[in-house]
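Take a look at the protein below. A short report on its build follows, moving from the whole chain to a single residue.

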Amino acid sequence: MATCFSPTPPVTTASVLEAEAPPLGVVDIGSNSVRLVVYRGTGRTPLPLLNEKATCGLGRGLGASELLNPEGKGLALAAVSRYARLAEAMGVGTLDLVATAAIRDAWDGPAFVAEIEAATGHPVTVLSGEDEARMAALGVLCGLPDANGMVADLGGGSLELVMVHDGHFDQYTTMPLGVLRLSEASGNDRARACEIIDDHLLRLPWLSQCRGRSLYAVGGAWRTLARVCIEQIGYPLHVLDNFSLPYDEALRLFDLIARLPRKALEGIDGISRKRVPHLTIATVLLERLLQEARPDHLVFSVYGMREGRFFQTLPPEVQTQDPLISACEALARAAGRFPGQGRELFAWMAPLFLGESQRDSRLRLATCLIGDVFWSEHPDYRADQAFHRVLKMPFMGLSHTDRACLALAVRHRYTSDPGDDWVDRAEKLLDSATLSRVRTIGHALRLGYAVSGGAPGLISRTALTLQDGALTLHVPGHDPIYQPEVFAKRLERLARGLGVSPRTVTLA
């Protein structure tokens, strides 16, 4: 199955976005853990209503015995039974039970599937390696429609690799290199692990197709590794999704991290102690994969197989929506005073941004759409509340620099005052030209809301022009709504940021 995405943010229809649907639940029965995620049934973004995990170790010892771990089976059955009842209590419309490498590879896997089905009353889908690889790719594409490179999904029992580009996926493979299986097979010895890894990777001549592109790392072990990297380099933004490292920097960090003592790893905030025993092996595996594939960048993704299952259930017209614009439109409808004002302001300020790139235009539209959703916050804290929420919201389809741009622009919509340490961190991700641009967007929004009061249909009766060293606001002269003394200071502020003079022209 291949999915194509619209190259430009489409105007969504209310009937698609606002249609009510019951929640969707996915139970992921993995080699190391069993997890339930319940997603809201409405909208383009997979927003979890519940995300719960049980570490069961179903695949522990599988490489030697070819059987599921007996203790793990008991823990997994208890977890899945709980999850089925929770889903029922939450009114989940569809509960999707999926099993991956451990159950797929174990001799007693079919019998355990039958046991789960008898206990829960729900069928279990045992994913093939191909299914698992493609579902992980769909999860990444759900968040990054323009993903271009290789998706690598690491579980407890297997590693799936799949090439993606233009919303499609191509070559794929699955290998028995999950962290549990590789740890046991290598005895946690780095040199032996490298031998095992290389024995599999060197059989894949198409890995070279990743050169000059990106490698998208998916899975809990690699999310933990991303946290360690963020800590090691003092990275200013503690958001895992789309945290990116250049090829050389990633290898330098991994060489360091693979040799850190266990005690040092356990002392890092946000690191689960259950993940630490396998972190070194997970690091070595990603290091060798990078060295063979040689991508330009490594990108960590928090979206994988479960989000792929969610994405697969969406209508085609929703799948092709831009995930960021769709989320911003939904937020504006839920919390904005006059949601249609965002697109009016986007068009109104366009003369200030002639020749902007498609990426910049998309971010400006997103800012305009959510520029008024924080109006109900206390005036003294509105700017900071808006900034922090936007910076840390689970938006999809945003790089970290894009996320900083969006948060800072929304903050400037409410204030020009200096911010806290988090504002400084966000600003460090951007160059001076980009910082100037986001200030201009924010100040243009402030002016637009001052002119119109936020009411729809009013700002479009005015016009902005930027020429001959002047920023001119053209307003109707016969309408008492457009009184220059109301918005003069904000016009002056916007003009000063652009390095020009402000001017108001009234039209007959």
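## Surface, fold and one histidine

The accessible surface of the protein is about 20900 Å², and carbon and sulfur atoms account for 51% of that area. The model is a predicted one. Of its 508 residues, 55% count as buried.

Next comes overall form. The C-alpha trace spans about 85 × 50 × 40 Å along the principal axes of the protein. The radius of gyration is 25 Å; a compact globule of 508 residues would have one near 23 Å, so the two agree.

The fold holds 22 helices and 14 strands. Take the contacts between residues at least 6 apart in sequence: 72% of them join residues at least 24 apart.

| Side chains in the protein | Number |
|---|---|
| Positive | 52 side chains |
| Negative | 57 side chains |

The centres of these two sets lie 4 Å apart.

Now for a single residue. H388 sits in helix α18, which covers residues 382–392. Is H388 buried or exposed? Its relative accessibility is 18%, and buried means under 20%, so H388 counts as buried.

What does H388 touch, leaving aside residues up to four places away in sequence? The answer is D420 and W422. With D420 there is also a polar contact: the side chains of H388 and D420 meet at 2.9 Å.

How values were computed
Residues numbered from 1 in each chain as written. Predicted model: local features only at pLDDT ≥ 70, side-chain atom pairs only at ≥ 80, totals over all residues. Heavy atoms only, no water. Helix = DSSP H or I, 4+ residues; strand = E, 2+ residues; numbered from the N terminus. Rg over C-alpha atoms; globule rule 2.2 N^0.38 Å. Buried < 20%, exposed > 50% of the residue type's maximum accessible area, 1.4 Å probe, protein only. Contact = heavy atoms within 4.5 Å. Areas by Shrake-Rupley, 256 points an atom, 1.4 Å probe, with all protein chains shown as cover. Lys, Arg positive; Asp, Glu negative; His and termini not counted. Charge placed at Lys NZ, Arg CZ, Asp CG, Glu CD. Polar contact = N/O pair within 3.5 Å; in protein donor to acceptor, adjacent residues only side chain to side chain.
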